[in-house]
Amino acid sequence: MTPPAATRPAFVGALRDRMVRFAERVTVSLTTPLVPADYLDLIDPLRDGTNLRGRIVAIHPETRDAATLVIKPGRGWRPHVPGQYIRLGVDVDGVRQWRAYSLTSKVNRHDGCIAITVKAIPDGVVSNYLVRRATVGALVHLDQAAGDFTLGDQPPRKILFLTAGSGITPVMGMLRNLSGAGEQAPDIVVVHSAPTIEDFIFRGELRMMARQGRIRLVEKHTDIDGMLDVARIADVVDDFAERETWACGPTGLLDAVEQRWAVDGIADRLHTERFRPTVITPGDGGTVTFTKTGTVVDADGAQTLLDAGERAGVLMPSGCRMGICFGCVTPLRQGAVRDLRNGDITTATPGDGVKIQTCVSAAAGACELEL
């Protein structure tokens with residue numbers, strides 16, 4: 001019997017959910033993420049209930065080494081607060097890599113998309129991939145927005161944004177979400193440093209904001225002007241001590257700012273954002289830590305994690321032991337492992353939510369398993 005057209009979407013959805021639940025009941029392991037529901041990802045990878053993903057829908061060059069990626073997130077996405085960042089995962093040459101990038105888009109865009117702006121850095125695996133190799137239509141892995149580098153519920157009346165390089169990105173996220181000029185608008189000074197005018201991300205938009213009276217913009221082109229001397233910040237912003245300050249940029253800049261604000265006794269008015277990505281260098285074998293039992297073993301690069309755990313007396317879930325049934329799937333809390341079937345490396349840092357098959361994976365450096 002064909003359901004009426006008005007109820008057909010609900011009927012199809014209910015039937016799909018029932019089929020998925022039935023298939024999952026006969027799956028070998030109910031704890032594995034690789035249940036039949038995952039095959040629906042091939043049809044609708046952004047559906048509810050999956051690990052959060054997004055699809056790149058547009059890429060806009062900003063400078064010679066920076067680009068803005070517009071991403072349509074999956075339906076589990078929760079709106080962000082301006083100034084927050086997301087952790088984004090991409091597979092580069094067989095290795096899943098995660099990096100943090102500030103959101104530069106308006107909150108609640110009409111198309112439901114978000115945007116990040118990425119600056120390619122020398123030897124930066126992920127940043128160069130996103131700026132130079134990513135394509136429209138590609139899927140990326142996402143975390144929900146996080147971070148407290150925000151203006152709060154009520155922006156202060158006087159603000160100083162002190163940034164350099166890609167440190168302008170979280171600030172642009174804030175500026176785009178602030179109201180325009182007017183009596184209620186805050187008094188904002190933006191001091192931004194970039195090597196040359198061509199390296200100045202968002203240069204045109206920031207200059208337009210300055211012409212509109214929304215901000216006072218101070219540009220520092222360091223290849224010509226030299227580095228900003230934080231010790232003489234009063235020469236640039238004479239009332240800096242009266243302003244709530246948000247600073248983001250290279251470590252050297254932030255260290256100098258924190259020291260100056262502490263000396264002046266105004267550290268409570270300073271907010272900084274530092275990204276410290278974890279760099280994992282894969283190797284051949286390594287120390288395997290089973291976090292629930294506290295067991296630590298040394299495993300060579302040819303021994304499966306399943307075998308290493310069992311020999312150490314750890315109760316390891318398993319099934320076919322051939323990489324087919326997915327009964328051995330386990331969270332990789334952090335570290336690197338190698339798939340013995342094809343040599344692919346998987347890496348994880350705390351919070352990534354990466355899961356692996358222990359029967360076909362070996363240590364590729366120190367790693368921790370949630371067992």
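A salt bridge here is a side-chain nitrogen of Lys or Arg within 4 Å of a carboxyl oxygen of Asp or Glu. Keep that in mind as you click through this predicted model, where the count comes to 14 salt bridges.

**First stop: E219 and R207.** Select these two side chains and you will find them meeting in a salt bridge, 2.7 Å from N to O. The two partners come from distant parts of the chain: E219 sits in strand β9 (residues 216-221) and R207 in helix α4 (residues 203-211), twelve residues apart.

**Next: K158 and D239.** In this salt bridge the closest N and O atoms are 2.7 Å apart. The pair links distant parts of the chain, with K158 in strand β7 (residues 158-164) and D239 in the loop between α5 (222-225) and β10 (244-248), 81 residues apart. Is D239 buried or exposed? D239 is buried, because its relative accessible area of 15% falls under the 20% cut-off. K158, at 25%, is partly exposed.

**Last stop: R133 and D93.** Here the salt bridge spans 3.5 Å, N to O. R133 belongs to helix α2 (residues 125-133), while D93 lies in the loop between β3 (85-92) and β4 (95-102), 40 residues apart. On the surface view, D93 is exposed, with a relative accessible area of 64%, and R133 is partly exposed at 47%.

Key. Residues numbered from 1 in each chain as written. Predicted model: local features only at pLDDT ≥ 70, side-chain atom pairs only at ≥ 80, totals over all residues. Heavy atoms only, no water. Helix = DSSP H or I, 4+ residues; strand = E, 2+ residues; numbered from the N terminus. Buried < 20%, exposed > 50% of the residue type's maximum accessible area, 1.4 Å probe, protein only.
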